[in-house]
Amino acid sequence: MQWTRKDLLSIYDLSAEEITCILDTAEKFKEVSERRVKKVPALRGMTVVNFFVEPSTRTRVSFELAEQRLSADVVNMQAQASSLLKGETLLDTVKNIEALQVDLVVMRHSAPGAQNFIADHLKCGVVNAGDGAHEHPTQALLDLFTIREKKGSFKGLNVTILGDILHSRVARSNIWGLLKLGANVTLAGPSTLVPREFESIGCRVCHHLDEAIKDADVVNLLRIQHERQTVGFFPSTGEYAAWFGIKGSTMAKMKDDVLIMHPGPINRDVELASEVADGSNSVILEQVTNGLAVRMAVLFLIAGVRK
Ligand code: CP
């Protein structure tokens, strides 16, 4: 298929064919990162600005490496050291970046929809690196890539997403991607963090851990997002870990070949015990590796629309 989007803002916007196009392109770029010389000239002469208005380790480093491996010129902008602190608006900030003939802006922001807003006002491409509790499209794409690599296809696959669904942009992006590709999606966790409303979009909602995991081919665990919770959604992290944490003993209740996934950062021994996070079913670090190939694919496809 011909890629036509100048921006990547959400998985909700994409068709199954577009998602598959990104995953197929990422497969080719994964091979580049396995070479001795990990570089191709695809974005030579293009400039990318990474603008992170929220903390990040994996996404920021992964985007920067992806841009370097595609031979782009890369500028990293920290919100704390920008004129946002002097009261400049977000729109003025990004319009000034664009005036420097920048081709792509990769942005993370705490406000849902911030990237949609700037994409409407900029001619350059915009890639969403996470917007509040709304979407984190490249995280979902790397999760989908990892699942496809390990399980072959999505049709009929049982994927359980466990944890703080309410505050999770990773959950939202994964839900849209998995449903579009034909997987069965179960959302699990305490009723305060996993409301029944999600059933209306085609997910199964489950408030009992054993029930949620027994037929799962994939369990994707989400971090408890203390920074986005304004009230207590459960009595204590100890109680959460007791009822919904995945421990070594929980593995006996799951399929032998279940994939254990987590987007990071992990709250060790809250949602996930270290023995499982670092165990043989875990693909958590493979997710990170695949994120590089997926981000190279996204940047390559979007940059191709600008050429
Ligand atoms: N998964 C993820 O988005 O991690 P970072 O916040 O470290 O980028």
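**Close-up 1. Gly279 is partly exposed, with a relative accessible area of 24%.** Partly exposed here falls between buried (under 20% relative accessible area) and exposed (over 50%), using a 1.4 Å probe and protein chains only. You'll find Gly279 in the loop between α9 (274-277) and α10 (284-306). Helices are DSSP runs of H or I with at least four residues, strands are E runs of at least two, and both are numbered from the N terminus. Ile260 sits 19 residues from Gly279 in sequence and 9.0 Å from Gly279 in space, C-alpha to C-alpha. A quick note for this and the other views: the model is predicted, so to speak, with local features needing pLDDT of at least 70, side-chain atom pairs counting only at pLDDT 80 or more, and totals for chains, interfaces and linings using all residues. Residues are numbered from 1 along each chain as its sequence is written, and side-chain values use heavy atoms, with hydrogens and water left out.

**Close-up 2. Helix α2 spans residues 58-69.** From first C-alpha to last, its twelve residues reach 16 Å, close to the expected 16 Å (1.5 Å times one less than the number of residues). Buried in α2 are Thr59, Ser62, Phe63, Ala66, Glu67 and Arg69. These residues lie on the same side of α2, because they cover an arc of only 165 degrees around the axis; the arc is that of the directions from the helix axis to the C-beta atoms. Just past the end of α2, Ser71 has a positive phi of about 70 degrees.

**Close-up 3. Four strands make an open, parallel sheet in the order β2-β1-β3-β4.** Strands count as paired if DSSP finds at least two bridges between them. At the edges are β2 (73-78) and β4 (125-131), each pairing on one side only. Neighbouring strands are turned by 15 degrees against each other on average, direction ignored. Five parallel bridges join β3 (residues 104-109) to β4, and His109 has Asp131 of β4 as its bridge partner. Helix α4 (residues 114-121) lies across β3 and β4, at about 170 degrees to β4.

**Close-up 4. Helices α1 (residues 16-33) and α5 (residues 137-151) pack with their axes 10 Å apart.** The angle between them is about 75 degrees, which makes α1 roughly perpendicular to α5 (65 to 115 degrees; under 35 is roughly parallel, over 145 roughly antiparallel, the rest oblique). Axes are lines fitted to C-alpha atoms, for helices over the stretch in contact, and angles run from 0 to 180 degrees between N-to-C directions. Contact (heavy atoms within 4.5 Å) involves α1 residues including Ile19, Ile22 and Leu23, and α5 residues including Leu141, Leu144 and Phe145.
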